[in-house]
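Open the model in your viewer and follow the stops below in order. Each stop gives a selection and then what is found there.

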Amino acid sequence: MKSAVITFPGSNCDRDMHIALNKFGFKNKIVWHNDNELPKSDLVVLPGGFSYGDYLRCGSMASKSAIMQSVINFAKSGGLVMGICNGFQILVESGLVPGVLLRNKYLEFICKNVFVKIDNKDNPYFKNLDKEIFEFHIAHNEGNYFCTNDQLKEIEDNNQVAIYYCNKNGKTEEKFNPNGSVKNIAGIFNKEKNVLGMMPHPERMIDQSLSGEDGSLFFKNLINNIK
Amino acid sequence: MEVNEQIAVDHGLKKEEYKKICDLLKRVPNLTELGIFSAMWNEHCSYKSSRLHLKKLPTSGKKVIQGPGENAGVIDIEDGDAIVFKIESHNHPSFIEPYQGAATGVGGIMRDVFTMGARPIANLNSIHFGSSQHKKTKNLLRGVVHGIGGYGNCMGVPTIAGQTSFDSSYNGNILVNAMTLGLVKKNKIFYSKATGLNKPVIYVGSKTGRDGIHGASMASASFDEKIEEKKPTVQVGDPFTEKLLLEACLELMAGDSIIAIQDMGAAGLTSSSIEMASKGNLGIELNLNKVPCRESKMTPYEIMLSESQERMLIVLENGKEDIAKKIFDKWDLDFAVIGKTTNSKNIELIYDEKQVANIPINTLVENSPMYDRKWKKTKLPKKNLIKKEEFKKFKIKEVLGKILSNPNVCSKEWIWQQYDHTVMGDTIQKPGGDSGVVRVHGTDKAVAATVDSSAIYCWAHPLTGGKQVVCESWRNLISVGATPIAITNCLNFGSPEKEENMGEFVECVEGIGEACEYLKFPVVSGNVSFYNQTKEIGIKPTPSIGGVGLIKNYKQMITMDFKEINNRVLIIGKTEGHIDQSLFARNILNEKNGPPPEINLFNEKNNGETVLQLIKGNLVRSAHDVSVGGIITAVSKMCIKGNIGIEFDKPKYFMSEIEYLFSEDQGRYIIEIEPKNLKKVESILNKNSVHFDKFGKITDKNMIINGKTKVTIDELKAYNTNWLSNYMN
């Protein structure tokens with residue numbers, strides 16, 4: 001299975017994602033933002049970081065990079081595109097997934113483990129996962145997902161919410177929401193569910209010496225689903 | 001403008017220093033030249049008050065590849081790998097403008113590390129604020145934390161450990177010390193010594209602006225009521241550009257184009273160009289019209305003294321300009337050939353085709369002033385005689401609640417949750433432990449780092465305090481299972497022109513030196529920050545020590561959380577009941593006098609090495625050193641982190657429970673042992689003549705003291721975790 005991780009100026013989780021993908025069996029290539037063509041890939045990942053310093057709205061400059069046209073075409077033709085953290089912000093700015101990401105409700109960067117609920121499994125990312133509650137890691141300043149009521153209705157009608165923040169028992173109440181996101185949304189799909197944007201970093205949880213191993217479950221399952 | 005004595009004094013130079021400049025040049029300098037002298041001769045750059053004393057520190061050892069004098073120190077961690085590290089202060093700017101001051105402090109220290117070819121792998125910081133009641137404290141704390149996070153998070157370097165304290169002596173002058181560790185291959189270390197004639201000198205990174213002019217001079221003076229006027233001397237950070245600069249520099253360093261490289265830190269283009277030429281015993285010629293500037297019509301004076309951030313100066317091999325330019329173009333960074341090395345041994349500056357400065361480099365460096373300042377010795381204070389009955393009136397649980405929620409003991413999670421501490425995927429011990437630990441990527445090794453200071457002890461008796469803080473660093477490394485290798489120090493003091501403050505400096509340095517020598521724990525880099533005072537009030541002497549150690553197999557790393565019910569808990573090291581200068585004495589008895597706890601370097605070394613031996617023998621399940629707040633504070637934290645209880649009795653000592661539990665004797669650790677290993681552990685401790693107390697055993701969810709006082713884990717957590725977040729929200 002081949003994957004590609006895009007490096008934008010200011011990306012800083014590109015190496016971590018590259019390592020994680022390779023660890024679980026992908027043959028990953030790092031692709032420079034100024035290239036025009038994607039290499040042949042089964043999965044394209046937009047990694048975390050601070051593309052262009054996030055000096056304009058997060059992700060907005062990167063969404064206009066040369067490579068992004070190729071990524072958008074790949075997504076529109078059904079290719080799997082996953083955006084993590086800043087990558088999620090880029091997906092939102094590119095219009096590949098709906099909504100926007102605002103500054104965290106308490107106006108502070110948050111780096112910690114959180115529980116998330118994944119019960120939407122009719123898609124290539126989460127199909128066959130044998131549990132619903134995962135411990136993932138977040139590290140962001142602008143992860144407060146927001147959309148209009150009309151958008152929310154459409155998102156829910158199409159079953160596009162991918163991940164919710166919750167507690168260890170899977171309760172998705174407001175108090176388990178770290179950043180103020182609408183409906184505790186931590187990740188979202190496009191309508192066709194081939195594009196996934198999420199704030200948590202599964203690539204930081206890929207061995208037991210780190211924050212946990214739930215990221216490993218995610219990647220192992222992902223490559224099996226794609227094969 | 002004609003230069004005269006008054007203009008020199010306005011530049012922070014002393015009258016006699018100005019006279020020396022005229023004598024050395026055999027003429028009156030022009031304004032640009034005067035600016036250069038003032039930048040090179042200020043305390044921050046020249047170490048004129050401290051050099052004499054710093055020479056006494058031990059700086060070499062088997063593992064030391066590079067000691068002080070370079071951008072950062074370098075130590076050997078075997079297999080061809082090396083760690084580059086340094087700590088630096090950014091106190092003055094952070095007090096004037098906390099966000100930018102702290103941010104550029106972090107940016108500056110990372111640049112020092114990657115200048116040497118190392119990729120930064122961990123950041124740490126030591127930050128000190130005024131009393132929590134002081135009106136400025138909250139905003140300063142918030143600004144500094146946001147600034148550190150803003151820069152480090154964007155760079156994608158994890159912030160793995162730190163220290164925060166509150167003390168009214170910092171009301172008018174906070175401290176922000178930032179430390180970075182980088183990883184490099186031993187044979188790919190870059191230095192700042194220029195070699196060869198007519199080599200191109202190139203400028204890369206951000207453009208030069210009018211920010212930070214005279215930053216280093218500002219950092220070499222005390223504050224007064226005009227502090228707000230100094231805001232323009234604070235630099236503005238751009239972590240995005242620094243991230244690009246890091247990647248571009250490492251890309252260029254992979255080849256063989258670079259002869260010497262130096263970041264533009266304090267005193268910007270001035271100190272970077274002069275240091276490179278001076279180390280190579282060469283001259284340097286710069287054409288200032290070639291320097292990329294942010295604003296038009298910047299004068300030579302402004303260009304030379306700007307402290308705009310994210311800039312580097314590189315001496316290249318001839319003919320490598322195109323290769324280098326291609327890399328910096330790729331990363332959208334400025335690149336300009338601005339000069340060349342010469343054999344004149346002078347710095348010569350050209351602007352609009354005219355020579356605007358010509359100074360022999362040795363007058364700026366070797367001939368810079370060095371002072372043997374007067375200093376006053378601090379006598380060891382007399383012990384307080386506290387009557388034994390005095391202790392009986394205290395209830396342990398009440399005292400424990402107060403101590404655990406004390407601003408200097410409570411959990412700092414509110415702070416470190418705002419720092420990305422997991423990026424790079426190798427952080428195996430997060431903030432909140434004795435040391436932060438990161439794996440050496442792709443190997444079984446890990447590097448532990450800690451930053452510590454004990455201003456109270458240093459204030460009470462600088463010589464003892466200096467020793468103590470080195471020992472604390474050593475203990476924090478051992479407590480995670482790391483073999484201590486070397487330290488970096490950031491020496492924060494008041495005015496060297498005051499005998500008391502100078503005395504504090506001299507004796508702290510002596511203490512640091514003595515402990516480093518004994519523990520074979522050399523100083524490889526550091527920085528001195530004087531004039532930490534507003535008007536006449538100086539800070540408590542605050543040397544911050546950044547310690548680094550190696551764990552050969554990261555799976556043997558130890559954390560402080562108690563692990564398993566029924567395991568036994570031992571206290572390593574002897575408890576003498578030293579209460580003076582403890583948190584208990586100062587905050588509960590309200591007694592601020594008396595000597596700090598004594599340091600016995602023999603016991604320190606023996607206890608530490610023995611604990612390390614036990615850890616390496618896989619006999620220890622958890623460990624934590626005993627520091628501020630005494631045994632019970634340390635044990636409480638182990639319970640909180642492990643979410644598990646303990647039952648213990650005070651051993652039969654001739655002292656009260658309070659003295660046993662809250663005294664701050666040094667050289668002590670708490671370790672958790674499985675019952676099956678107890679005999680083996682005891683025999684090793686006995687064989688090494690290490691004093692230990694059999695203290696207690698781990699239980700499910702309460703702390704039970706002498707069978708009568710009961711504190712639940714939830715109570716302990718409530719005491720310890722809420723203070724800071726309540727204070728800030």
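Two strands are taken to pair if DSSP finds at least two bridges between them. The model on screen is predicted.

**Stop 1: the sheet**

Select strands E14, E15, E16, E21, E17 and E18 of chain B, which form an open sheet of six strands in the order E14-E15-E16-E21-E17-E18 with mixed pairing. Which strands stand at the edges? They are E14 (427-429) and E18 (523-529) of chain B; each has a single partner strand, so one side of each is left without a neighbour in the sheet. Looking along this sheet, neighbouring strands are turned by 20° against each other on average, direction ignored.

**Stop 2**

Show side chains for B:Cys490 and B:Asn527: B:Cys490 stands opposite B:Asn527, which is in E18(B).

**Stop 3: the helix across the sheet**

Now select residues 499-519 of chain B, helix H20. Which strands does H20(B) lie across? They are E17, E18 and E21 (542-551) of chain B, and the helix runs at about 175° to E17(B).

**Stop 4: H10 and H13**

Two packed helices are described by the angle between their axes and the distance between the axes. Select residues 239-253 of chain B for H10 and residues 321-330 of chain B for H13. Their axes come within 9 Å and cross at roughly 150°. Angles over 145 degrees count as roughly antiparallel, and H10(B) and H13(B) are therefore roughly antiparallel to each other. The crossing of H10(B) past H13(B) is right-handed. To see the contact, display B:Ala248, B:Glu251 and B:Leu252 from H10(B), with B:Ala324, B:Ile327 and B:Phe328 from H13(B). Five of these contact residues are nonpolar, none is polar and one is charged.

**Stop 5: H22 and H25**

Move to residues 601-616 of chain B, helix H22, and residues 678-687 of chain B, helix H25. The two axes come within 10 Å and cross at roughly 150°, so H22(B) and H25(B) are roughly antiparallel to each other. H22(B) and H25(B) make a right-handed crossing. Which residues meet here? From H22(B), B:Thr610, B:Gln613 and B:Leu614 meet B:Val681, B:Ile684 and B:Leu685 of H25(B). The residues of this contact comprise four nonpolar, two polar and no charged.

Technical notes: Residues are numbered from 1 along each chain as its sequence is written. Chains are lettered from A and ligands numbered from 1 in the order in which they are written. This is a predicted model: local features need pLDDT of at least 70, side-chain atom pairs count only at pLDDT 80 or more; totals for chains, interfaces and linings use all residues. Axes are lines fitted to C-alpha atoms, for helices over the stretch in contact, and angles run from 0 to 180 degrees between N-to-C directions. Helices (H or I, at least four residues) and strands (E, at least two) are DSSP runs, numbered from the N terminus. Angles under 35 degrees count as roughly parallel, over 145 as roughly antiparallel, 65 to 115 as roughly perpendicular and the rest as oblique. A crossing is left-handed if the near helix is turned anticlockwise from the far one by less than a right angle, and right-handed if clockwise. Two residues are in contact if their C-beta atoms, placed from the backbone, lie within 7 Å. Ala, Val, Leu, Ile, Met, Phe, Trp, Tyr, Cys and Pro count as nonpolar, Asp, Glu, Lys and Arg as charged, and the others, Gly among them, as polar.
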